[in-house]
Amino acid sequence: MDFSGALLKVKNANKILLVSHYDCDGLCSAKILSDALKKENKEIKIKIAKEISSEIIEEVEKEFEEGNFELIIFSDLGSGYLSLLPKDKEIVILDHHVPEKVEVPKNIIQVNPCLEDKELCGAGVCYLFVSELGKNEELIDYAVVGSIGDHQIDICENKKVKELAEKIGRLKTEPGLNIFGHVNRPIHETLSRANFFPLNGHSEVVQFLSELDIELHHNGKIKSYYDLSEDEKKKLSLEIIKERISNNIEEPANIFSSIYILTNQPREFMDALEFSTIFNSFGRLEKYEEVFEMLDGNMDILTEVRREYGRKLSGYLAWAERNMKKFPQTENILFIHAKDKVDENMIGTIASILINGTIDKKVVVGLAHAEDGVKLSTRSKMPGIDLDEIVSRICGKLGGGGGGHKEAAGGKIEKGKEEEFIELFGKEIDG
Ligand SMILES: [Mn+2]
C-alpha cells in the first residue's frame, strides 16, 4: 500500500478531524491515528459514526468549518460512500470496506487494501500508515485488537501484522482452551459458559476443578484460566477431553484456540479478545468519548460501562426468552422481530448469543427499529448458506442494503418491509 499521498496531506495540515467507525476496529483505528498525530503536534478531534449518511456528512462539514480544520481523515469507513463525501475539502481515507465503483474525486486520497486484493482491517491500515509517519511501534496493539474485532487476525495482511507484533515483543500467542475471558474472568465462570461437557452450574464446575487438585483461590479471588500453572492447564485440558469422550461428544479434543496476550497492556486489556469486546461494548452503548478516557487510564469508566452493558444485554435476553413463542419461525429460522424492544446496536449480539445457545434453529435473524429504517442481523450455522450474498440481495430489493460474511451478515431495510423480508428470507433458506 502506498501512503505517500496520505502522508503529504497530513504533513500539510495542523488541524485534523478524524472520523471513524463505531465498532472495535474503528475505535482502534481512531486510537492509533489520534495518538500518532498528537505526537506530531497536530490538533485533532475525533468523531465516531455508525455509518456514512448524508446527515453524518452534514454534521462532519459543520464541525470542519466551525473548528477551522484543514483535513478530514476517514478511518474504517468512507470507501463505500465516495460520492457522498465533500468535494471541497482535503480528505484522506484509510479504509478496508469495498470501495464504491466511481472515480475517486481529486480532493480525496484513498488507501484501501481491497484495491490490491488484500485483506487488512482498518486499524491495520492505520497502523501501517502511522509507522511511516513516525516511531509508533506501541500502537500495533490496537491493530491486533482491531483485526480480532473484525474476525480476521489470521487472514492475509492481518497475519503479517500479528507476526510483527510477536517479533517486537508486544504480543504473545499461546495455545489454550477455547473459552472467553482467559485473563479477567473467574475460571469456573468461563468453564460453565464454554459448555465443553454437561455440568450443572457453577458448583459442579467448582467440584470438577477441586477433584483435579486445582487451587481455585489466589489473593482472595478466584483464579482465571491465565492464573493457572502450566501443569494445571495441561491437567485441566486432559480431564476435559476425558469427560467429553465419556459423554460421547464428537471431536472430544476440539477445545483449543489461540490466546493473544498483549504483553505491555494492563491486566484488564491484556487478553486481546477480551479487549476487543470492551471496545465493542463501548461502541454499542455509544460511549464514544468515554472509550478514549478509559484508554487514557480511567478504569472507573470501564467498570461502569461493563455493568451497564451487562444489564442491558441480560434485559434483552430475558425479553427474548419470554417472547420466544411469539417470534416468527420456520423449519430452520428464528426471527427475533424486536421492533423497538431491542437497541439496534445490540440486536446482532443477541442473535449471536441465541444461535450459540440452546435453540434448535440453524439460522437466527434479528430485526430492530433504527432511526432510518429497520436494522437486520443474521447469523447462521447452516452449511452451504452465504448470508452475505442473500442479505445484500434481499435488502437491496427492500429499499436498503447490507452484507458481511457467509455466517454473519447485517443490513438495513425500509420501515414497514419487515414482513416482506421475513417471507423472502424464509423462502431463500428453507427453499
Ligand atoms: Mn473494520
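Helix 5 is followed by His151, which has a positive phi near 55°. The model is a predicted one: local features need pLDDT of at least 70, side-chain atom pairs count only at pLDDT 80 or more, and totals for chains, interfaces and linings use all residues. Residues are numbered from 1 along each chain as its sequence is written.

**Exercise 1. Helix 5 and its surroundings**

Task: Determine which residues of helix 5 are buried, and what they pack against.

Solution. 
Step 1. Helices are DSSP runs of H or I with at least four residues, strands are runs of E with at least two, and both are numbered from the N terminus. Helix 5 covers residues 140-149.
Step 2. Apply the burial cut-offs. A residue is buried if 20 or more other C-beta atoms lie within 10 Å of its own, exposed if 12 or fewer, and partly exposed in between, with C-beta atoms placed from the backbone. Ile140, Asp141, Tyr142, Ala143, Val144, Val145, Gly146, Ser147, Ile148 and Gly149 are buried.
Step 3. Conclude. Since 10 of the 10 residues are buried, helix 5 is largely enclosed by the rest of the structure.
Step 4. List the partners. Contact means that two C-beta atoms, placed from the backbone, lie within 7 Å. The buried residues of helix 5 pack against helix 2, helix 4, helix 6 (156-167), strand 6 (171-177), strand 9 (256-262) and helix 11 (272-284).

**Exercise 2. Two helix pairs**

Task: Describe how helix 5 crosses helix 11, and how helix 2 packs with helix 4.

Solution. 
Step 1. Two packed helices are described by the angle between their axes and the distance between the axes. Axes are lines fitted to C-alpha atoms, for helices over the stretch in contact, and angles run from 0 to 180 degrees between N-to-C directions.
Step 2. Set the classes. Under 35 degrees is roughly parallel, over 145 roughly antiparallel, 65 to 115 roughly perpendicular, and the rest oblique.
Step 3. Take helix 5 and helix 11. Their axes cross at roughly 75° and come within 9 Å. Helix 5 is therefore roughly perpendicular to helix 11. Helix 5 contributes Val144, Val145, Ile148 and Gly149 to the contact, and helix 11 contributes Ala272, Leu273, Phe275, Ser276, Phe279 and Asn280.
Step 4. Sort by class. Ala, Val, Leu, Ile, Met, Phe, Trp, Tyr, Cys and Pro count as nonpolar, Asp, Glu, Lys and Arg as charged, and the others, Gly among them, as polar. The contact of helix 5 with helix 11 has 7 nonpolar, 3 polar and no charged residues.
Step 5. Take helix 2 (residues 24-39) and helix 4 (residues 122-133). Their axes lie 8 Å apart, at an angle of about 10°. The two are therefore roughly parallel. On helix 2, the contact uses Asp25, Gly26, Cys28, Ser29, Ile32, Leu33 and Ala36; on helix 4, Gly122, Ala123, Cys126, Tyr127, Val130 and Leu133. By class, these residues are 9 nonpolar, 3 polar and 1 charged.

**Exercise 3. The faces of helix 1**

Task: Which residues of helix 1 are buried, and which are exposed?

Solution. 
Step 1. In helix 1 (residues 4-11), Ala6, Lys9 and Val10 are buried.
Step 2. Look down the axis. The arc is that of the directions from the helix axis to the C-beta atoms. The buried residues of helix 1 fall within an arc of 100°, so they line one face.
Step 3. Turn to the other side. There Ser4, Leu8 and Lys11 are exposed.
Step 4. Find the partners. The buried residues of helix 1 pack against strand 3 (71-75), strand 4 (91-94), strand 5 (108-111) and helix 4.
Step 5. Check from strand 3. Leu71 is in strand 3. Leu71 is buried, with 22 C-beta neighbours inside 10 Å. Beyond four places in sequence, its contacts are Lys9, Val10, Ala13, Ile16, Glu90 and Val92.

**Exercise 4. Positive phi**

Task: Where are Asn195 and Lys339 placed, and are they buried or exposed?

Solution. 
Step 1. Recall the rule. Most residues other than glycine have a negative phi.
Step 2. Asn195 has a positive phi, near 55°. Asn195 sits in the loop between helix 7 (187-194) and helix 8 (201-211). Asn195 is exposed, with 12 other C-beta atoms within 10 Å.
Step 3. Lys339 has a positive phi of about 50°. Lys339 belongs to strand 10 (residues 333-339). Lys339 is exposed, with 10 other C-beta atoms within 10 Å.
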